[in-house]
Amino acid sequence: MDITEYLGSWDRPLDFDSYWDKKLEFINSVPLDYELTEVEFSNFDNVKYYDLYFTSFDGARIYAKFIKPVSNGEVPALFYFHGYPGCNRNWFEKTAYASLGYAVFAMDFRGQGGKSQDIGGILGTTVAGHIVAGIDDELDNMIYVKNILDMCLLIRIAKDIEGIDANNINCTGGSQGGGFATMCAGLNDIKKCIILYPFLSDMKKIYDLDLVAYESIRYYTRWFSSTGENDEKLFNRLAYIDAKNFAPRVKSKVLFGASNIDVICPIETQFAVYNNLNCEKELVLYKKYGHENIPDFNTKTARFLLDD
């Protein structure tokens, strides 16, 4: 297989774009309901720190860290998406982006260890992970569909906040965050997008490789599709939250970091995202790196964000 031409192992749904266009129309109709509270230690002259809570489309309360450089004018925004599972972690690492002049929004995904609510209410099994949570219910009730809509609603909120340049919205993330950076840029007007070894890509290939990081798919198929009888239904459904299928919608400038010996997000699943991008893009392939911190990519990220 030539991974430089590989586009994925399961077709993009024919109604993928129409489905997500309708969801965007819906999320754009949701009234904005949010609150900003300056945190206790935010007593600096050059940067301010806030807890941001907002009410999502279904009543769930979603949390994000918000860091804003002090400025007399508007500043660009950067959406930071965390890995799976977990939360957006500490304030310190995100302050680095604020030092580059970006206001940072870092949302906790529902039910993954942060402060955002997962209010539940789905039919069917959740097995062992969020990938299949809601898979037996309506597509709209999959938890990752809800996370994507939370993200799009938060972007609307960011544009509503005083001092944010609504025409300069950017996004970044690695692993799950890389998948969501792709989704974010595919569904919103994004200027710059930084993607590092994206998770949630090429689900059928992941199933064939039987990786521990995607154990929920393994358990689901062992219990509910043991002879493959429900595979088509499963992978057709997962295709709506597959990062590679959002890639053709991306119009932003993209910096893409790929890790060649990654056993969490195998290189072919990363290329399934990159090869589906039809925008201005730069690939940095790290031949002897796995699913880990890549110092050189951090440096390239800073340069990318500072470059006009």
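**Entry 1: the largest pocket**

Which helices and strands each supply at least two residues of the lining of the largest pocket? I looked this up and found strand S4 (75-81), helix H2 (92-99), strand S6 (164-174), strand S7 (192-196) and helix H10 (295-306). Helices (H or I, at least four residues) and strands (E, at least two) are DSSP runs, numbered from the N terminus.

A note to myself on the ground rules: this is a predicted model, where local features need pLDDT of at least 70, side-chain atom pairs count only at pLDDT 80 or more, and totals for chains, interfaces and linings use all residues. Residues are numbered from 1 along each chain as its sequence is written, and side-chain values use heavy atoms, with hydrogens and water left out.

Back to the pocket. H10 gives the largest share of its lining, four residues. The lining has 24 residues, and Tyr-80, Tyr-97, Leu-196, Asn-293 and Asn-298 lie nearest the centre. I noted about 550 Å³ of space in this pocket. By class, the lining has twelve nonpolar, nine polar and three charged residues. For the classes, Ala, Val, Leu, Ile, Met, Phe, Trp, Tyr, Cys and Pro count as nonpolar, Asp, Glu, Lys and Arg as charged, and the others, Gly among them, as polar.

**Entry 2: the cavities**

I had to check the words here. On a 1 Å grid over the protein atoms alone, a cavity is a set of points where a 1.4 Å probe fits but cannot get out, while a pocket is an open set with protein on both sides within 12 Å along at least five of seven lines; lining residues have an atom within 4 Å of a point. Grid points are joined across faces, edges and corners, and a volume is the space filled by probe spheres set on the points.

How many cavities of 30 Å³ or more does the structure hold? I found two. The largest has about 50 Å³ of space, and its lining is Trp-10, Met-203, Lys-204, Phe-235, Leu-238, Ala-239, Asp-242, Lys-244 and Asn-245. Helix H5 (203-209), helix H7 (231-238) and H8 are the elements that give two or more residues to this lining. I sorted the lining into five nonpolar, one polar and three charged residues.

The second largest cavity has about 40 Å³ of space. Ile-206, Tyr-207, Asp-210, Leu-211, Tyr-214, Ile-217 and Arg-218 line it, with H5 and helix H6 (215-224) each supplying at least two of the lining residues. Here I got five nonpolar, no polar and two charged.

**Entry 3: the nonpolar cores**

A nonpolar core is a set of buried Ala, Val, Leu, Ile, Met, Phe, Trp, Tyr and Cys residues joined through side-chain atoms within 4.5 Å. Buried means under 20% relative accessible area, exposed over 50%, partly exposed in between (1.4 Å probe, protein chains only).

Which members of the largest core touch the most other members? Of its 77 residues, I wrote down Trp-20, Phe-79, Phe-105, Ile-131 and Leu-238. Helix H3 (residues 143-160) gives the largest share of this core, eleven residues. Apart from it lies another core, of 23 residues, including Tyr-49, Leu-196, Val-284 and Phe-297.

**Entry 4: salt bridges**

A salt bridge is a side-chain nitrogen of Lys or Arg within 4 Å of a carboxyl oxygen of Asp or Glu. I count 14 of them by this rule.

Asp-58 and Arg-110 form one through their side chains (2.9 Å, N to O). This pair links distant parts of the chain, 52 residues apart: Asp-58 is in the loop between strand S2 (47-55) and strand S3 (61-69), and Arg-110 in the loop between strand S5 (103-107) and H3. Is Arg-110 buried or exposed? I put Arg-110 down as buried because its relative accessibility is 1%, whereas Asp-58 is partly exposed at 27%.

Lys-204 pairs with Asp-208, the closest N and O atoms being 3.0 Å apart. Both lie in helix H5, four residues apart, about one turn of the helix. Lys-204 is buried at 18%, but Asp-208 is partly exposed at 44%.

Last one: Asp-17 and Arg-12 meet in a salt bridge (2.8 Å, N to O). I also found Arg-12, Asp-17, Asp-21 and Arg-249 linked in a network of salt bridges.
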